[in-house]
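Here's a quick tour of a chain, taking in a sheet, the helices against it, a pocket and some charged contacts. Have a look at the fold first, then read on.

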Amino acid sequence: LRANMKVSVVLNKVDILRDMDVNVEEFTLKMREQISSDLGATKDGEDILENLWPTSVLKDPASLAPIKRWLCENLPKQSPIYPLENISDVPARVVASEITREKLFRVLQQEVPYHLTVVNAVWRQEPDGKLLLGQKVVVTKEGQGRIVRYWLPQITEEAESEISEMVNFGRPVELHFQIQVDPKWLENEDYYDDLQGLLDRSGSLVFP
């Protein structure tokens, strides 16, 4: 059965190709030819692959312009599905913990296995809009905790900035961390059920 719906592909992180001295234009052309061949044609004989956009969200935000233009021209007009002030349909607390987790993964690389998680133990909004955020970084071994403790100060400022933009509408964010060793956290359903980051505050962080 042939699909009768067009497909568009976003090829992100092409800056990595440039760092490897790969010609992005030639690579994109080969990718387009391969994907187009794999997808084939619609029942009407048209190529299923409609667009392939090479992008670099972090290094070249302007590369997103063709995608935004295409979306504006092709998406159906309708009332907003979510409130306009919502940045994402993912709960803010989940976004905040994932930002810190991603920053840690980036600097830790092979030093610590991907056996760590970040949960929000304290979420306190000040009257001036500042977000005081206490996060627990949970690892499986004491040695991992020492490595994480070394790297946390080096990713804090970047994490605060991204959480500010993604969660707190550009208002200040102040991060505090506590490292917890739990050899069996991967087997503990509480860590997976805690989507809102609503942990018991007993033994949690104390803000100055």
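## The three-stranded sheet

Start with an open sheet of three strands, in the order β3-β4-β5 and with mixed pairing. The strands β3 (117-125) and β5 (173-181) sit at the edges with a single partner strand each, so one side of each has no neighbour in the sheet. From one strand to the next, the twist averages 20°. Keep in mind that this is a predicted model.

As for how such pairing works, strands of a sheet are held through backbone hydrogen bonds, in either a parallel or an antiparallel way. Here, β4 (residues 131-139) and β5 run parallel and are joined by nine bridges. To pick out one spot, Val138 has Gln180 in β5 as its bridge partner.

## Helices against the sheet

## The largest pocket

Now for the largest pocket, which comes out at a volume of about 460 Å³. Its lining is made up of 16 residues, and those nearest the centre are Lys13, Leu58, Glu102, Lys103 and Arg106.

Which helix gives the most to this lining? That's α4, with five residues.

## Salt bridges

How many salt bridges does the model have? The count comes to eight. One of them pairs Glu46 with Lys6, where the closest N and O atoms are 3.3 Å apart. This pair links distant parts of the chain, 40 residues apart. Glu46 belongs to the loop between α2 (24-39) and β2 (49-54), while Lys6 is in the segment before β1 (7-11).

How values were computed:
Residues numbered from 1 in each chain as written. Predicted model: local features only at pLDDT ≥ 70, side-chain atom pairs only at ≥ 80, totals over all residues. Heavy atoms only, no water. 1 Å grid on protein atoms, 1.4 Å probe; cavity = no way out; pocket = protein on both sides within 12 Å on 5 of 7 lines; lining within 4 Å. Points joined across faces, edges and corners; volume = space filled by probe spheres on them. Helix = DSSP H or I, 4+ residues; strand = E, 2+ residues; numbered from the N terminus. Pairing = 2+ DSSP bridges. Axes fitted to C-alpha atoms, helices over the stretch in contact; angles between N-to-C directions. Salt bridge = Lys/Arg side-chain N within 4 Å of Asp/Glu carboxyl O.
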